[in-house]
Amino acid sequence: MHRLPTKLELQKRDIDVGDAWCDLCEDGLDSTLHLFTECKFAMEVWHRIGTWCRLPPIFAFDVRDLLCLFKDAAGGKQGKRIVQGIVIVALWCIWLARNEKSFNQREVKENNIGGTLITLQYNN
Ligand SMILES: [Zn+2]
């Protein structure tokens, strides 16, 4: 819904954010769509989650596509709920990884995005 305060959204509100490039990959503009679907960082996260959850290859063109991934999950209703939860947590962790890089210049690896969440919880 374009409510995340990405650099692109902040620029639309006349807030000076410097350049609007994605800090995770520096190969696209920092927008919600890029961050969760186009960014190399996110694509690697979705690939790993897809492999882990034995989902068909993930091709997301919109955040809604990601929120519907659970429909392809095996394991009945419970399996679908688990995948839905994993996707929501992954979205949050990608956002946290982006913020870690943007504000603290700390690199988060695609295979350790959950570690960021745990680290932040311990620090608060
Ligand atoms: Zn990016």
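1. Two residues are said to be in contact when their C-beta atoms, placed from the backbone, lie within 7 Å. By that rule, and leaving aside neighbours within four places in sequence, I94 is in contact with L35, F36, A42, V45 and I113.

2. Some ground rules come before the rest of this note. The structure is a predicted model, in which local features need pLDDT of at least 70 and side-chain atom pairs count only at pLDDT 80 or more, while totals for chains, interfaces and linings use all residues. Residues are numbered from 1 along each chain as its sequence is written.

3. The helices named below are DSSP runs (H or I, at least four residues), numbered from the N terminus. Two packed helices are described by the angle between their axes and the distance between the axes. Here the axes of α3 (residues 40-52) and α5 (residues 76-104) come within 11 Å and cross at roughly 150 degrees, which makes α3 roughly antiparallel to α5.

4. The crossing of α3 and α5 is right-handed, a term used if the near helix is turned clockwise from the far one by less than a right angle. On the α3 side the contact is made by F41, A42, V45 and I49, and on the α5 side by I86, A90, I94 and A97. Sorted by class, this contact has 8 nonpolar residues, with no polar and no charged ones; Ala, Val, Leu, Ile, Met, Phe, Trp, Tyr, Cys and Pro count as nonpolar, Asp, Glu, Lys and Arg as charged, and the others, Gly among them, as polar.

5. Which residues have the most contacts inside the largest nonpolar core? They are A42, V45, I94, A97 and I113, in a core of 20 residues. Such a core is a set of buried Ala, Val, Leu, Ile, Met, Phe, Trp, Tyr and Cys residues joined through C-beta atoms within 7 Å. Helices α2 (32-38), α3 and α5 each supply at least two residues of this core, and the largest share, 6 residues, comes from α5. In soluble globular proteins, nonpolar side chains tend to be buried together.

6. A90 lies in helix α5 and counts as buried because it has 21 C-beta neighbours inside 10 Å. The cut-offs are 20 or more other C-beta atoms within 10 Å for buried, 12 or fewer for exposed, and the values in between for partly exposed. Not counting residues up to four places away in sequence, A90 touches V45, I49 and I113. The C-alpha atoms of A90 and W46, which are 44 residues apart along the chain, are separated by 8.4 Å.

7. K101 is also found in helix α5, but with 17 C-beta neighbours inside 10 Å it counts as partly exposed. Setting aside neighbours within four places in sequence, K101 is in contact with D23, L24, R106, E107 and V108. Along the chain K101 and L24 are 77 residues apart, yet their C-alpha atoms are separated by 6.7 Å.

8. D14 has a phi near 60 degrees, a positive value in a residue other than glycine, and D14 counts as exposed because it has 6 C-beta neighbours inside 10 Å. E26 has a positive phi of about 55 degrees although it is not a glycine, and E26 is exposed, with 10 other C-beta atoms within 10 Å.

9. Q105 and P57 are 48 residues apart in sequence and 31 Å apart in space, C-alpha to C-alpha.

How values were computed
Axes are lines fitted to C-alpha atoms, for helices over the stretch in contact, and angles run from 0 to 180 degrees between N-to-C directions. Angles under 35 degrees count as roughly parallel, over 145 as roughly antiparallel, 65 to 115 as roughly perpendicular and the rest as oblique.
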